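Hi,

Here is the structure I promised to pass on. Have a look at it first, and then read my notes below.

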Protein chains: 2
Amino acid sequence: MTDVNLPLHPLLAARWSPAVFDPSHVATTEQVAVMLEAARWAPSAGTSQPWAFLVGLRGDPVHQRLVAHLARSSAAWAPAASILVANLAHRFVEGTDWDYSEFALYDLGQAVAHMTFQAQALGLSVRQFRAFDRAGVEAEFAVPAHWQVTTMAAFGVSPAGAAPGDDPARPVPQRHRRAPEEISWPSRPQSAPHAGETP
Amino acid sequence: MTDVNLPLHPLLAARWSPAVFDPSHVATTEQVAVMLEAARWAPSAGTSQPWAFLVGLRGDPVHQRLVAHLARSSAAWAPAASILVANLAHRFVEGTDWDYSEFALYDLGQAVAHMTFQAQALGLSVRQFRAFDRAGVEAEFAVPAHWQVTTMAAFGVSPAGAAPGDDPARPVPQRHRRAPEEISWPSRPQSAPHAGETP
């Protein structure tokens, strides 16, 4: 779904984040196991592995407890996905406000990317999101204070022919990317990567 | 290199972080371009794309300027890699101490993971590291204060037969991973993911 001619790996070239999932597709516990295995073997700073996952398959108790804490926006589409995963970062040393690792969030992002790559190899699509009640999920699952439910991810099958423009919550698909020369800094050594740009 | 029987995607199953690189292997600018393309199309919160990269090919001026700021530990092995990349996160809104994105580090980690998959698909291995003078690199390349040189990554060819145990800086390879049931929390709902564990 990218607009480039460079030979990206097919799983990367085909990746996008659907917001419509086939509510009849059922994922297997074996698929979940291999997705978690992909995350488990991701690299991390000092092999700190600052990650954990709450995994619900549609219809099971964990799924139901996760769905209860979705924001209205994600509740419109995420429950139809076959798998909901809450992605947890080990933020602090237990009982302190010291960072467990400077790279806890960075490494969690990597682990979720590895999980995504594996899910795509299984024929599943993925959409990550933040539209949930973080404190609600943390209370629901008694997440200890030194951990954080950082993001959630929905995994499932996007209907045949689905494309970014089909997202009812986002009629103009945000598939824009900055130009390669904007993210590769040595090509423009005189200026900042995005100097003057605002979020 | 994993010790599991689950059918991980071959690129994930084969991934490890070498600390010995073939100093005669030369990467191409085309390889760099497609690796950056992989990072460019990674997902990010609100498509904020909070990443930029300083890319040096062994022997070019950027590479030389990066090598000058390696710590002694990484200077022993990283210069032999074909490509050195400094991975930058857009941490703050320019001129403020406000987070640019809550997910800047998380998203940079994802982008580096995507770059890693693509590099592996090109036959390259990757080792990420923090053993460099962050302030030195930031000054060297005039990185604006709202950006951070978060990590570096070395890409290249690991010699035939190389294995984690070959790391001279780490004679006992840290290939250990927590058990699947330790990182998947719903399987043990009565306790914290790693309660009582310390870094």
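Before we count anything: helices (H or I, at least four residues) and strands (E, at least two) are DSSP runs, numbered from the N terminus. With that, chain A has seven helices and four strands, and from the N terminus on they come in the order α-α-β-α-α-β-α-β-α-β-α.

Some housekeeping. This is a predicted model, where local features need pLDDT of at least 70, side-chain atom pairs count only at pLDDT 80 or more, and totals for chains, interfaces and linings use all residues. Residues are numbered from 1 along each chain as its sequence is written, while chains are lettered from A and ligands numbered from 1 in the order in which they are written.

Now the inside of chain A. Two residues are in contact if their C-beta atoms, placed from the backbone, lie within 7 Å. Take the contacts in chain A between residues at least 6 apart in sequence: 75% of them join residues at least 24 apart.

How do the two chains meet? 61 residues of chain A are in contact with 62 residues of chain B. On the chain A side, H5(A) gives the most, with twelve residues. That side divides into 39 nonpolar, 16 polar and six charged residues (Ala, Val, Leu, Ile, Met, Phe, Trp, Tyr, Cys and Pro count as nonpolar, Asp, Glu, Lys and Arg as charged, and the others, Gly among them, as polar).

Next, look at H5(A) against H5(B). They pack at an angle of about 45 degrees, with their axes 7 Å apart; axes are lines fitted to C-alpha atoms, for helices over the stretch in contact, and angles run from 0 to 180 degrees between N-to-C directions. The two helices are therefore oblique to each other, since under 35 degrees counts as roughly parallel, over 145 as roughly antiparallel, 65 to 115 as roughly perpendicular and the rest as oblique. Among the residues making this contact are A:Leu105, A:Phe117, B:Leu105 and B:Phe117.

Cheers
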